[in-house]
Amino acid sequence: MSRLSDDRLVAYLDGEAEAPERREIEAWLAGDPTARDKLAALARSATLLRQAYHEILREPLPERLIAAARGATTTPTGARILAFAPKRAAASGGALRRWRFALPIAASLFGLLAGGGTGYLGIGEILTGGGSGAASAPAVEAAVANNLWLDNAAGYFKMFVAAGDNALIDVPATGDAREALQKISQSLTQQVRLPDLKPWGLNFRGARLVVVDGRPAAQLVYTTDNKAIGPMALIIGSSKQPDIPPTFDRRQDVNMLYWRHQGRAYVLVGQADAGYLWGIGNDVAWQLDAI
Amino acid sequence: MEPAALAAEEDAIASRFSDQLIAMLPRLRRFARGLAGSIVEADDLVQAASERALARRHQFQEGTRFDSWMFRIVQTIWIDQMRARTVRKEEAELPGDRVGSDEAMRRVEARLALGEVRRAVDRLPPDQRAALLLVTVEGLSYREAAEVVQVPVGTIMSRLARARMALQAQLEAGAGIGRSRNDVEAQ
């Protein structure tokens, strides 16, 4: 290699160099301390650049932009009516009825969770359909499962809010929140990390184990004095369904943003408006590298 | 299909499209902020792009990347606006200044350093700025960025290298990196 051009060095840093060229550049770097320093400086400035713009993702979305995306118009003062996404066709009372029916089922149905805490809901059996839906088309099953998942997420959130200070918290966030989450992760199939939502004024209150789609999931609950935002819950569970991008929905009078990524399903639930949910959801996804 | 059913299906498609668009808004705002520099201009740009996307919804090809399509719309509108203006605003409103943010007050020093990075980006030529934002901030591949700005991949590669080197030089001259590193070390 005659020389290491800036183009090639930057492409290498961006992961755009093909394998043979990558090896060639690495060999060059091994013998050229100046080029290594240059690479390190470029990497630092790229990190700074991303940091400089990341905060924008955390800003609440101006309502005029949400209105524009919905095809609504704004008044000169910016006031407008936010048209929430209509309920999905299958987000029917049927799903809700099944959820309500499922509530009384004892936690002992789920041996996996036995001894893991209190207050579990026997929803998983219902979600899996008990085999009765095996003849349904996969797409229909997926849609039904998705709807049940979301109704359950809304239900868990409402229970948490209704309970107020008496809300059941399996692992309270007293002391080290990360340690609390570590404990709850022991009952899950995958390690769950804790998004830091303090920039939004949301304080981690604790975590609960819940059951969604027949598998344990973590419900992370956050509270805040800002009534425009909180309280809020993030449910993270496993999923065998394909990835889907963040999607807004509203069920049982609560707003939610849900997405699936690489075998995990995420639902952010709260009473905050869509703008806050999109902003916080983006932040969560970024922190957890979920999108 | 019955007209009512057709209308309902069309509504459902439009709703899904809007959902997708709203999900993109934070990233579109970030991209637009990098291009336009100021909050108000960036949001105007995103609003115009959203309205154009809705109007041209049928042109979006399912199975292709929605984010790339939207970035392209933002970029196109921005170029049109740039051409319409003879002079670009030299001193944009301080990037990143938000009104009413407690966090902004608490982290003012760190944000000043990051504001310096944004100002350095703002001083880059427009084509380099777009390449830098698409690849380094938004995470698009060179090929995807080339499709957004409609130039060959090699052009993106060279614009990006020039942008990265210029940014590096500006930050070193302004001690931007040094200050930020000190901030990090101080934490």
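**Close-up views of a predicted two-chain model**

**View 1. Overall make-up of chain A.** Nine helices and seven strands are found in chain A. The model is predicted, with an ipTM of 0.78 and a pTM of 0.55. Chain A has 291 residues, and 41% of them are buried. Of the contacts in chain A with a separation of 6 or more, 57% join residues 24 or more positions apart.

**View 2. The contact between chain B and chain A.** On one side, 40 residues of chain B take part, and they are in contact with 41 residues of chain A. Six helices of chain B each give at least two residues to the side that touches chain A: H1 (3-36), H2 (39-55), H5 (108-122), H6 (126-137), H8 (153-173) and H9 (176-186). H1(B) provides the largest share of this side, 13 residues. By residue type, the side of chain B that touches chain A consists of 19 nonpolar, eleven polar and ten charged residues.

**View 3. Confidence along chain B.** Chain B has a mean pLDDT of 80, with 78% of its residues at 70 or more. Residues 87-107 of chain B have a pLDDT below 50, and this stretch has 22 contacts in the model beyond near neighbours in sequence. Residues 176-187 of chain B also have a pLDDT below 50.

**View 4. A:Gln262 in a loop of chain A.** The loop shown lies between strand S6 (254-261) and strand S7 (264-270) of chain A, and A:Gln262 is found in it. A:Gln262 is not a glycine, yet its phi is positive, at about 50°. Most residues other than glycine have a negative phi. A:Gln262 counts as exposed because 9 other C-beta atoms lie within 10 Å, and the cut-off for exposed is 12 or fewer.

**View 5. B:Gln150 in a loop of chain B.** B:Gln150 sits in the loop between helix H7 (142-149) and H8 of chain B. Helix H8 (153-173) is one of the helices that supply residues to the side of chain B that touches chain A. B:Gln150 has a positive phi of about 60°, although B:Gln150 is not a glycine. B:Gln150 has 10 C-beta neighbours inside 10 Å and therefore counts as exposed.

Conventions. Residues numbered from 1 in each chain as written. Chains lettered and ligands numbered in written order. Predicted model: local features only at pLDDT ≥ 70, side-chain atom pairs only at ≥ 80, totals over all residues. Contact = placed C-beta atoms within 7 Å. Helix = DSSP H or I, 4+ residues; strand = E, 2+ residues; numbered from the N terminus. Nonpolar A, V, L, I, M, F, W, Y, C, P; charged D, E, K, R; others polar. pLDDT = per-residue confidence, 0-100. Buried ≥ 20, exposed ≤ 12 C-beta atoms within 10 Å, placed from the backbone.
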